[in-house]
Each structure stands twice: as C-alpha cells, then as structure tokens.
Amino acid sequence: MHILHVVGARPNFMKAAPVMRALEEWPATRQTLVHTGQHYDKNLSDVFFSELSMPEPDVNLEVGSGSHAWQTAEVMTRFEPLVLERKPDVVLVYGDVNSTVAAALVCSKLLIRVAHIEAGLRSFDRTMPEEINRIVTDGIADLLFTPSEDGDVNLQREGIPPEKIYRVGNVMIDSLVQLLPAAMRCSTNGLPERYALVTLHRPSNVDDSASLRSILQALLEVNEQLEVVFPVHPRTRQRIEQFGINAKMLRLLEPVPYIEFLSLQRHAAVVITDSGGIQEETTYLGVPCLTLRGNTERPVTVTLGTNVLVGQDLVLLNSELARILEGRARKGSIPPLWDGHASERIVKVLQGYFAS
Ligand code: UD1
C-alpha cells in the first residue's frame with residue numbers, strides 16, 4: 001500500500017503530521033511526502049517539520065508564489081509527472097489551500113484515488129479563494145473526512161453520496177493535543193502579563209488599503225487597554241509597507257513557530273484573528289476568540305466554542321472585547337471528536353476501504 005501526502009502551506013503541516021504518524025502503525029504501508037513549495041519561508045514551512053517530527057519531504061516541487069491561476073497550474077504541471085512515476089494507491093490532500101485543489105485535480109484526471117482531509121467546510125462566501133478550493137476538492141475526492149457534523153450536511157446537500165463521507169473529527173486538534181505539553185513548557189519571559197494575540201492575513205482584510213488601515217487603527221485602540229502581540233504574515237507585512245501604514249506601536253513579530261504560537265494562544269486574554277485554524281484552536285483551549293470575518297466555514301466554533309464573528313464591525317469588536325475584559329466571555333465547550341484521535345480513525349477507514 002503506497003500513500004502519498006501533498007502539503008504546501010503552513011496550515012497543512014499540522015494536519016498531515018498526525019496522519020503520517022498514525023499510518024506508521026499500519027504494517028506494509030509506504031508513505032511519500034510531497035511539499036509543493038507554496039510556502040517557502042523558513043518560518044512558514046521548515047520550522048514546522050522539526051517541531052511536528054515530520055520527515056523531510058521526499059520531493060519539493062518548489063512552486064513558490066504567484067497569482068492563483070499560476071500557482072495552481074504550476075503545482076498541477078509539476079505534480080502530474082511525479083504522481084505518474086510514483087503510482088500511489090491513494091493521495092491524501094489537506095484543507096483548502098491552492099496546493100490541495102491542484103493535487104486533487106491532477107489525481108482525479110489520472111483516476112488515482114484522492115482522500116480529502118478536512119472536507120465539507122463551507123463559508124458560503126465564494127469571494128474567498130479557499131471556498132472555491134473546498135468545493136472543487138470535495139466534488140472530485142473519493143473519500144471525504146469531515147471534522148464535524150456540519151461538514152456531512154454540507155456535502156450531502158451538494159449531492160455527495162453519503163458512503164463517501166466519514167466523520168472522523170479534527171486532525172489539527174490531534175497535533176494540538178500532542179504538543180500542548182511542550183507549549184506549556186515554553187517560556188513566557190518578555191511577554192506582557194495580559195495581552196491580545198492578533199493574526200491577520202485574509203486578502204479581504206489586508207489587500208484593501210482602507211480595510212487594513214481601519215483594522216490596524218482599531219488594534220491601536222485595543223493596544224491602549226491591552227497590549228497587542230502580533231506575529232505578522234508575510235502577505236500582511238508586504239501590504240503594511242506598500243500602503244505606508246504606521247503600525248510600530250504594536251508589538252510586531254515575525255511568524256512564530258507552532259509550539260510557541262500554541263503557548264501564545266494559551267496565555268492570551270483574547271485572540272483577534274481572521275485565520276480558520278486559530279478559531280478551532282482557541283475553541284479547544286477555551287480562549288476567547290474574536291474573528292475579523294463576517295462568516296466562518298467552522299460554525300461549531302461559534303455554536304459550541306469560544307468564537308464570536310465581529311466581521312469588520314469595529315464597534316462590535318470593542319464591545320465584545322470589553323465583555324471579555326470584564327470577565328464575561330462566553331464559555332465554550334469542545335466539539336465532539338476533537339479529542340486527539342482523528343488520525344487513528346482515518347487510518348481505520350483507509351484500512352477498511354482498501355481491504356474491501
Ligand atoms: C495561504 C492559503 C490560506 C492559508 C494561508 C496560511 C491559499 C489560497 N491560501 O494563504 O488558505 O490560511 O496560506 O498562511 O492557498 N509569501 C512569502 N513567503 C512564503 C509564502 C508566501 O513571503 O513562504 C508571500 C508571497 O508574497 C505571497 C503571499 O505571501 O504572494 C501570499 O502567499 P500565498 O501562499 O499565495 O497565500 P497565503 O496568503 O499565505
């Protein structure tokens with residue numbers, strides 16, 4: 001049995017690592033790890049491999065950055081000969097990044113089985129590039145592994161046969177559960193006693209000068225009550241420079257490695273973000289999260305977890321923040337199957353599927 005994994009961008013690494021580890025328990029299985037090179041900065045990529053104890057990629061396609069069409073096409077062009085040569089029995093793709101949809105498209109045309117991990121998530125916002133990637137990947141995958149019930153419902157509504165859908169839970173929480181003890185040992189020296197942790201990189205927030213300016217202005221106001229700690233994504237750093245915005249009053253950091261970032265989340269009074277994965281991690285950790293988006297593809301973080309969508313409504317951001325600082329943050333619970341064992345359930349499904 002030969003299983004090939006495709007990863008490309010930061011959020012893929014913490015999803016693939018636990019699945020690769022769980023697959024090691026399946027005798028006579030060979031694994032190949034392909035990195036598309038969508039993310040190439042050391043602190044968006046390499047550092048995760050060592051922290052997550054992931055093997056070095058067998059192949060790096062070194063695609064790099066470009067427009068969506070260019071990046072997707074380039075992954076497809078470079079991945080096709082590789083997959084023809086390696087002949088895997090199944091290709092595992094993760095999440096919703098451009099590398100995910102590109103690899104899934106290549107395999108479906110070559111009649112190679114594709115399994116999509118983190119299937120079924122929908123923001124119902126087609127202006128979001130990731131939403132297109134989700135819909136296309138789910139439409140062509142052979143096995144769909146969902147993290148929560150809403151994923152199953154979305155897929156069935158789109159006409160995906162129920163026998164292709166497997167609700168296994170959240171693989172990213174597998175990584176969190178595994179590395180939380182290490183995160184708890186991280187030094188918090190040099191950090192303020194109480195702080196707001198901020199991340200920002202969605203094109204809808206950072207690519208438009210007026211939006212980015214008003215969000216950063218709001219963060220400067222937050223900073224007067226609660227120090228803002230802000231690891232800055234390269235896309236966002238480029239935009240801040242390009243638009244000539246002065247954000248130096250905030251504690252701006254380089255992107256932070258995974259374990260250190262878990263520690264930052266764990267100790268934060270509040271997390272303010274537009275990331276998908278961070279909405280889930282804060283829900284698991286029970287840390288209040290204010291999401292700078294009008295929608296989420298992860299609704300259980302709102303219905304069960306600690307997440308509140310504030311969109312670009314900065315008045316709402318302030319009132320929700322005040323509630324949290326007064327100790328009246330909503331108390332969440334951990335969604336079902338977010339228990340650190342999702343990867344083991346995926347392996348069981350694959351064993352059953354390939355045995356039959
Ligand atoms: C991508 C994913 C997004 C994910 C995010 C996490 C897509 C459509 N988007 O967004 O779902 O949440 O990664 O980080 O796949 N850049 C660097 N160094 C790098 C990588 C990128 O400087 O290592 C810069 C490039 O200038 C590039 C920009 O960041 O143009 C954006 O990178 P890209 O991979 O296109 O998308 P992200 O915004 O990172």
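Analyst: Glu158 is partly exposed, with a relative accessible area of 38%. The cut-offs are under 20% for buried, over 50% for exposed and partly exposed in between, using a 1.4 Å probe and protein chains only. A salt bridge here is a side-chain nitrogen of Lys or Arg within 4 Å of a carboxyl oxygen of Asp or Glu. Helix and strand names follow DSSP runs numbered from the N terminus: helices are H or I with at least four residues, strands are E with at least two.

Some ground rules. The model is predicted, so local features need pLDDT of at least 70 and side-chain atom pairs count only at pLDDT 80 or more, while totals for chains, interfaces and linings use all residues. Residues are numbered from 1 along each chain as its sequence is written, and side-chain values use heavy atoms, with hydrogens and water left out.

The salt-bridge count comes to 21. A local example is Glu74 with Arg78, where the closest N and O atoms are 2.8 Å apart. These residues are four apart in helix α3 (residues 68–86), so about one helical turn separates them. An α-helix has 3.6 residues a turn, so residues three or four places apart point the same way. Arg78 is partly exposed, at 32% relative accessibility.

Arg134 and Glu297 meet in a salt bridge at 3.5 Å, N to O. Arg134 lies in helix α5, Glu297 in the loop between β12 and α13 (300–303), and 163 residues separate them. Both are buried. Shared partners extend this into one network of salt bridges: Lys15, Asp96, Glu118, Glu131, Arg134, Glu280, Arg293, Glu297 and Arg298.

Take α5 first. Its axis and that of α4 (residues 98–110) come within 9 Å and cross at roughly 25°. Axes are lines fitted to C-alpha atoms, for helices over the stretch in contact, and angles run from 0 to 180 degrees between N-to-C directions. The two helices are therefore roughly parallel; the classes are under 35 degrees for roughly parallel, over 145 for roughly antiparallel, 65 to 115 for roughly perpendicular and oblique for the rest. In α4, Asn98, Thr100, Val101, Ala104, Leu105 and Ser108 meet Asn133, Val136, Thr137 and Ile140 of α5. Contact means heavy atoms within 4.5 Å.

Met14, Lys15, Pro18, Val19 and Arg21 in α1 meet Val171, Met172, Asp174, Ser175 and Gln178 in α7. The axes of α1 and α7 come within 7 Å and cross at roughly 80°. That makes the two roughly perpendicular.

Just after α12, Gly286 takes a positive phi of about 75°.

Those strands belong to an open sheet of six, ordered β10-β9-β8-β11-β12-β13 with parallel pairing. Pairing requires at least two DSSP bridges between two strands. β10 (251–253) and β13 (307–309) are the edges, each with a single partner strand, so one side of each has no neighbour in the sheet. Twist averages 20° from one strand to the next.

Within the sheet, β8 (residues 195–198) and β9 (residues 227–231) pair in the parallel sense over three bridges. Ala196 stands opposite Val228 in β9. Helix α11 (residues 258–267) lies across β8 and β9, at about 135° to β8. Helix α14 (residues 314–325) also packs on the sheet, touching β11 (270–273), β12 (289–291) and β13, and its direction makes about 175° with that of β12.
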